[in-house]
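Subject: Structure handover

Hello,

Here is the structure I said I would pass on. My notes on it follow below.

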Amino acid sequence: MQLLHQQPSRPRDVSEYWNGARLALPIAAVIGAIGTLFGYMATTAGLTPLAAIVMSGTTFAGSAQFAAITVLASGGSVYTAVGSSLLMNARFVPMGMAISPAFRGSIWKRLLFAQLVVDEAWGIAYLGEGRFSKERLAGSGLVLYVTHICSTGLGAVLGKTLGNPAEWGLDAAFPALFVILLWPHLRNASRIVAALLAATIALTLTPVTSPGIPILAAAVAAFVGGQRL
Amino acid sequence: MSRGWGTVILLGVLTILLKGAAPILAGGRQIHVGPTAVLSHLAPALFAALIVTQVFARDRVLVVDARAAGLIVALLGSWRRAPPLAILVSAVAVTAAFRHLS
């Protein structure tokens with residue numbers, strides 16, 4: 001890591017907290033639906049409602065959480081579930097590097113603000129020209145965080161009452177959600193190649209390896225795709 | 001400890017550290033991000049792998065069933081830029097309908 005320069009401090013603008021919260025409200029509706037679905041699917045995958053809520057509170061990254069319970073539901077180990085989820089979360093490293101200059105104060109304060117970094121809040125906090133608003137991140141991140149946890153709790157309660165998700169076609173919700181998340185990434189040929197190669201690797205390994213391993217092995221496709229740039 | 005709680009705790013701790021690593025190490029200074037080509041390809045690769053294993057695998061056997069209809073609906077919806085909630089509901093409804101009809 002190369003330290004370039006120190007960003008000058010700016011006066012705290014309280015209205016920016018509200019701006020962040022206001023900008024996050026339309027997104028919160030989608031996050032709420034996804035959180036409800038996660039809570040529901042997590043309990044049908046074997047997690048207790050409390051475990052589902054704790055996962056949303058500590059991980060706070062929908063795609064990684066879905067990846068973890070997908071692997072668990074298919075019989076994968078803790079390590080393959082966590083491994084595939086962490087690969088999904090790897091993007092938080094460069095995102096954290098970009099937003100770091102906006103964070104001030106003690107190490108604990110910076111760690112706390114960093115937990116609010118999710119794709120949507122990070123996008124709202126971006127001011128352009130490489131600058132970020134910590135206040136907007138906090139305003140939007142808190143709205144999304146509370147929504148995510150509450151909706152997970154709602155879904156977990158529903159999971160105890162609705163029964164087998166396959167009867168409702170809810171086993172199609174995971175792949176549909178992943179299609180929605182995948183689509184914006186397919187902006188150039190190398191990413192399409194990476195996705196197709198990963199799908200091929202995963203399908204090839206499914207009959208011959210333990211659950212979860214095909215997902216981890218498919219990550220190799222990212223290196224092939226990345227080398228094409 | 002159950003598999004579920006083990007995953008929740010391990011994933012939670014490691015994600016908190018992953019998210020906090022750069023802000024803690026940087027201490028308010030700018031960090032050169034550098035080449036992120038591989039990282040930018042991780043998400044599409046993993047999403048694609050999760051999609052095909054969710055749709056075409058059942059207990060280590062490859063199958064084509066009602067879930068494939070839901071996948072087609074999701075792909076069409078994303079291609080036509082339909083709202084995410086509409087895509088989710090449509091995919092679930094079509095899968096349920098195919099399953100009950102077949």
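Ile9(B) is partly exposed, since its relative accessible area is 42%. Its place in the chain is helix H1 of chain B. Please keep in mind throughout that this is a predicted model.

Ile9(B) belongs to a nonpolar surface patch of about 740 Å².

Ala21(B) counts as partly exposed, because its relative accessibility is 33%, and partly exposed covers the range between the buried limit of 20% and the exposed limit of 50%. Leu88(B) is 67 residues away from Ala21(B) in sequence. In space, the C-alpha atoms of Ala21(B) and Leu88(B) are 34 Å apart.

Next, the helix packing in chain A. Two packed helices are described by the angle between their axes and the distance between the axes. Helix H1 of chain A, residues 14-44, packs with helix H3 of chain A, residues 62-73. Their angle is about 20 degrees and their axes are 10 Å apart. Angles under 35 degrees count as roughly parallel, so H1(A) and H3(A) are roughly parallel to each other. The crossing of these two helices, H1(A) and H3(A), is left-handed.

H1(A) also packs with helix H2 of chain A, which spans residues 49-58. Here the angle is about 135 degrees, with the axes 9 Å apart. H1(A) and H2(A) are therefore oblique to each other. Where H1(A) passes H2(A), the crossing is right-handed.

The loop between H2 and H3 of chain A contains Phe60(A). Phe60(A) is not a glycine, yet it has a positive phi of about 45 degrees. Is Phe60(A) buried or exposed? Phe60(A) is buried, because its relative accessible area is 4%, and buried means under 20%.

Arg81(B) is not a glycine either, and has a positive phi of about 55 degrees. Arg81(B) sits in the loop between helix H3 (66-79) and helix H4 (84-101) of chain B. Arg81(B) is exposed, with a relative accessible area of 77%.

Back in chain A, Thr80(A) lies in helix H4, residues 78-89. Thr80(A) counts as buried, at 8% relative accessibility. Pro214(A) is 134 residues from Thr80(A) along the chain. Even so, the C-alpha atoms of Thr80(A) and Pro214(A) are separated by 9.6 Å.

In chain B, Arg58(B), Asp65(B) and Arg67(B) are linked in a network of salt bridges. Asp65(B) forms a salt bridge with Arg58(B), the closest N and O atoms being 3.2 Å apart. Asp65(B) also forms a salt bridge with Arg67(B), where the closest N and O atoms are 3.0 Å apart. How do these residues stand in terms of burial? Asp65(B) counts as partly exposed at 23% relative accessibility. Arg58(B) is partly exposed too, with a relative accessible area of 43%. Arg67(B) counts as buried, because its relative accessibility is 6%.

Regards

Note on methods: Residues are numbered from 1 along each chain as its sequence is written. Chains are lettered from A and ligands numbered from 1 in the order in which they are written. This is a predicted model: local features need pLDDT of at least 70, side-chain atom pairs count only at pLDDT 80 or more; totals for chains, interfaces and linings use all residues. Side-chain values use heavy atoms; hydrogens and water are left out. Patches are made of residues with over 30% relative accessible area and no salt bridge: like charges are joined within 9 Å, nonpolar side chains (Val, Leu, Ile, Met, Phe, Trp, Tyr) within 5 Å. Accessible areas come from the Shrake-Rupley method with a 1.4 Å probe; for residues, only the protein chains shown count as cover. A salt bridge is a side-chain nitrogen of Lys or Arg within 4 Å of a carboxyl oxygen of Asp or Glu. Helices (H or I, at least four residues) and strands (E, at least two) are DSSP runs, numbered from the N terminus. Buried means under 20% relative accessible area, exposed over 50%, partly exposed in between (1.4 Å probe, protein chains only). Axes are lines fitted to C-alpha atoms, for helices over the stretch in contact, and angles run from 0 to 180 degrees between N-to-C directions. Angles under 35 degrees count as roughly parallel, over 145 as roughly antiparallel, 65 to 115 as roughly perpendicular and the rest as oblique. A crossing is left-handed if the near helix is turned anticlockwise from the far one by less than a right angle, and right-handed if clockwise.
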